[in-house]
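Here are my notes on the model you sent over, as numbered points. Have a look at the structure first, then read on.

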Amino acid sequence: MMVDPRQFSSSTEEIPSKENVPVHAAIIMDGNGRWANKRGLPRIAGHRQGLVSVKSVVKRCTDRGVSYLTLFAFSSENWRRPPTEVNLLMELFANALENKARRLHENQVRLRVVGDLSRFSSKIRMLVQRAETLTRDNRRLNLTIAANYGGRWDIQQACAAICGKVASGELPENEVTAATIEAHLSTNFLPEPDLFIRTGGEERISNFLLWQLAYTELYFTDTLWPEFDEAAFDTALVSFAARQRRFGQTGGQVQDSRKINNA
Ligand code: IPE
Ligand code: IPE
Ligand code: MG
């Protein structure tokens, strides 16, 4: 069963009911290199250790009822790193796809990868396809890995696809709306993130989900990704639960609509 992207309208158009648990958490997993440096280890040891944190957070999402988890694994700009690090990251990605897919499947996790996959090796593309097919009917958690992903790339490829449809007459120009753009983003099967987490101390978006984060609650922590465990994720959930999301309204309006909804 395909998820209909239209069921998730933009938060700015339709105000979602406030839930204490985020439906969708999106994470920039940063700080692997510094974690390794602190220990006198090669940077790749930090990336490897980061996989342990992925496992903990995936598990915690299923415990806590988070339905969608999106992880930034490799940005469009990460190709600028030294070739040895890029190659080792590719190897780690391939190994993870090969060795972890079955376990994800056993845990009823659906895995999808978003990003410009054309730059990856045919082996990685094959492993992505295999893991996505294996897990396609799972409903417990939707895990999305952003790989060779960039928010600007995503908006640009959506615009190009829309322009093509307008040029061919398939789509009238005056029918291009925010919903049209959303439907053409590579993340069109995801609701907008409710909670954004960045580990590793930097407070920036680094070209992650630019369009999609418009009304997301932002959470930054100094904890390095390899040290981000179940308890650290719970701390982020507690911070999220205490926030009032207003989507442009006043605090009073939000309180009143909650009273009506709870009556
Ligand atoms: C994040 O950790 C992982 C990737 C970008 C692939 P980093 O490798 O950026 O770690 P730091 O920021 O150098 O510590
Ligand atoms: C963002 O981290 C990308 C990923 C975690 C995959 P970076 O470490 O690449 O970000 P910058 O370069 O510090 O902004
Ligand atoms: Mg970094």
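1. A word on bookkeeping. This is a predicted model, with local features needing pLDDT of at least 70 and side-chain atom pairs counted only at pLDDT 80 or more, while totals for chains, interfaces and linings use all residues. Residues are numbered from 1 along each chain as its sequence is written, chains are lettered from A and ligands numbered from 1 in the order in which they are written, and side-chain values use heavy atoms, leaving out hydrogens and water.

2. Now the polar contacts of ligand 2. The term means a pair of N or O atoms within 3.5 Å; within protein, one must be able to donate a hydrogen and the other to accept it, and residues adjacent in sequence count only if both atoms are side-chain atoms. The side chain of Ser-206 has an N or O atom 2.6 Å from an oxygen of ligand 2. For a polar side-chain atom of Arg-204 the distance to a ligand 2 oxygen is 2.8 Å, and for a side-chain N or O of Asn-78 it is 2.9 Å. On its own ligand 2 exposes 390 Å², and the protein buries 78% of that; accessible areas are Shrake-Rupley values with a 1.4 Å probe, and for residues only the protein chains shown count as cover.

3. Ligand 1 has its own shell: Met-29, Asp-30, Gly-31, Asn-32, Gly-33, Arg-34, Arg-43, His-47, Ala-73, Asn-78, Arg-81 and Leu-89. That makes three nonpolar, five polar and four charged residues. Helix α1 (32-38) is the top contributor, with three residues, and α1 and α2 each supply at least two.

4. A backbone N or O of Asn-32 is 3.1 Å from an oxygen of the ligand, and one of Gly-31 is 3.4 Å from a ligand 1 oxygen. Arg-43 uses its side chain, with an N or O atom 2.8 Å from an oxygen of ligand 1. Taken alone, ligand 1 exposes 380 Å², of which the protein buries 87%.

5. Helix α2 has 22 residues and spans 32 Å from first to last C-alpha, close to the 32 Å expected (1.5 Å times one less than the number of residues). Just after α2, Gly-65 takes a positive phi of about 80 degrees.

6. Ser-53 sits in α2. Is Ser-53 buried or exposed? Buried, at a relative accessible area of 2%; the cut-offs are under 20% for buried, over 50% for exposed and partly exposed in between (1.4 Å probe, protein chains only). Beyond four places in sequence, Ser-53 touches Trp-225, Pro-226, Glu-227 and Phe-228, a contact being heavy atoms within 4.5 Å. Ser-53 and Phe-228 are 175 residues apart along the chain, yet their C-alpha atoms are separated by 5.9 Å.

7. Helix α7 (residues 230-241) buries Ala-232, Phe-233, Asp-234, Ala-236, Leu-237 and Phe-240. Their cover includes β1 (24-28), α2 (43-64), β5 (195-198) and β6 (217-220).

8. Two loop threonines are worth a look. Thr-221, in the loop between β6 and α7, counts as buried at 12% relative accessibility. Thr-216, in the loop between β5 and β6, is buried at 9%, and a polar atom of its side chain lies 2.7 Å from the backbone oxygen of Pro-193.

Terms used:
Helix = DSSP H or I, 4+ residues; strand = E, 2+ residues; numbered from the N terminus. Near = heavy atom within 4 Å. Nonpolar A, V, L, I, M, F, W, Y, C, P; charged D, E, K, R; others polar.
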